[in-house]
Amino acid sequence: MLKERLIYASWLVAIVATLGSLYYSNVLHLTPCVLCWYQRIFMYPLVLIIPIGIIKKDKILPWYVVVMSSFGALIALYHYLLQQGIIPDRLAPCEAGISCTTKFVEYYGFITIPFLSLVAFALITIAMIYALKEQKE
């Protein structure tokens, strides 16, 4: 029962993160940088993969999700550290267009879009790790 709740919670987080990114780009007209696009590549499919896994009762669904969310979390962490100046600007992959170090949004001095993405990916990853643990028991 807990496993199912964790999977549904992860799906909800993926939906909110996807809608949030679409809001920033399509409503507020904030152009995503290269690293933002990479994070979207790992988040958007989860909105479809998770419910398909639920419908098919796929026992290895948490494995698919934990792999995708872990890669997304790593990209989001790199992006956040780049924005905060912990990683030097010269290591930014953005050569043309929007800079990956630009902070379009900053709440409370530390919450930026990559931070929000990192939190979403971390929540999904942690939930899936617990779902895998629950599955083994």
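**Stop 1: the whole chain.** Colour the protein chain by secondary structure and follow it along the sequence: the pattern reads α-α-α-α-α. This is a predicted model, and the chain has 5 helices and 0 strands. Its radius of gyration is 16 Å, close to the 14 Å that the globule rule gives for 137 residues, so the chain is as compact as a globular protein of that length.

Of the 137 residues, 39% count as buried. If you look at contacts with a separation of 6 or more, 72% of them join residues 24 or more positions apart.

**Stop 2: helix H1.** Select residues 2–27, which form helix H1. How far apart are its end C-alpha atoms? They are 36 Å apart; at 1.5 Å a residue, the 26 residues should span 38 Å, so the two values agree.

Next, show the side chains of the buried residues of H1: Lys3, Leu6, Ile7, Ser10, Ala14, Thr18, Ser21, Tyr24 and Ser25. As you look along them, remember that an α-helix has 3.6 residues a turn, so residues three or four places apart point the same way. What covers the buried residues of H1? The cover includes helix H2 (34–43), helix H3 (46–56), helix H4 (61–83) and helix H5 (113–136).

**Stop 3: Ser25.** Zoom in on Ser25, which lies in helix H1. Is Ser25 buried or exposed? Its relative accessibility is 12%, under the 20% cut-off, so Ser25 counts as buried. Its side chain makes a polar contact with the side chain of Arg40, at 3.2 Å. Leaving aside neighbours within four places in sequence, select Leu30, Pro32 and Arg40 to see what Ser25 is in contact with.

**Stop 4: just after H1.** Step on to His29, where the backbone takes a positive phi of about 60 degrees.

Stop 5: Finally, select Cys33 and Cys36. Cys33 is buried, with a relative accessible area of 4%. Cys36 is in no disulfide, and the nearest cysteine sulfur, that of Cys33, is 3.6 Å away. Cys36 is buried too, with a relative accessible area of 18%. How many disulfides does a search of the whole structure find? The search finds 0.

Methods. Residues are numbered from 1 along each chain as its sequence is written. This is a predicted model: local features need pLDDT of at least 70, side-chain atom pairs count only at pLDDT 80 or more; totals for chains, interfaces and linings use all residues. Side-chain values use heavy atoms; hydrogens and water are left out. Helices (H or I, at least four residues) and strands (E, at least two) are DSSP runs, numbered from the N terminus. The expected span of a helix is 1.5 Å times one less than its number of residues. Buried means under 20% relative accessible area, exposed over 50%, partly exposed in between (1.4 Å probe, protein chains only). Contact means heavy atoms within 4.5 Å. A polar contact is a pair of N or O atoms within 3.5 Å; within protein, one must be able to donate a hydrogen and the other to accept it, and residues adjacent in sequence count only if both atoms are side-chain atoms. The radius of gyration is taken over C-alpha atoms; the globule rule is 2.2 Å times the number of residues to the power 0.38. A disulfide is a pair of cysteine sulfur atoms within 2.5 Å.
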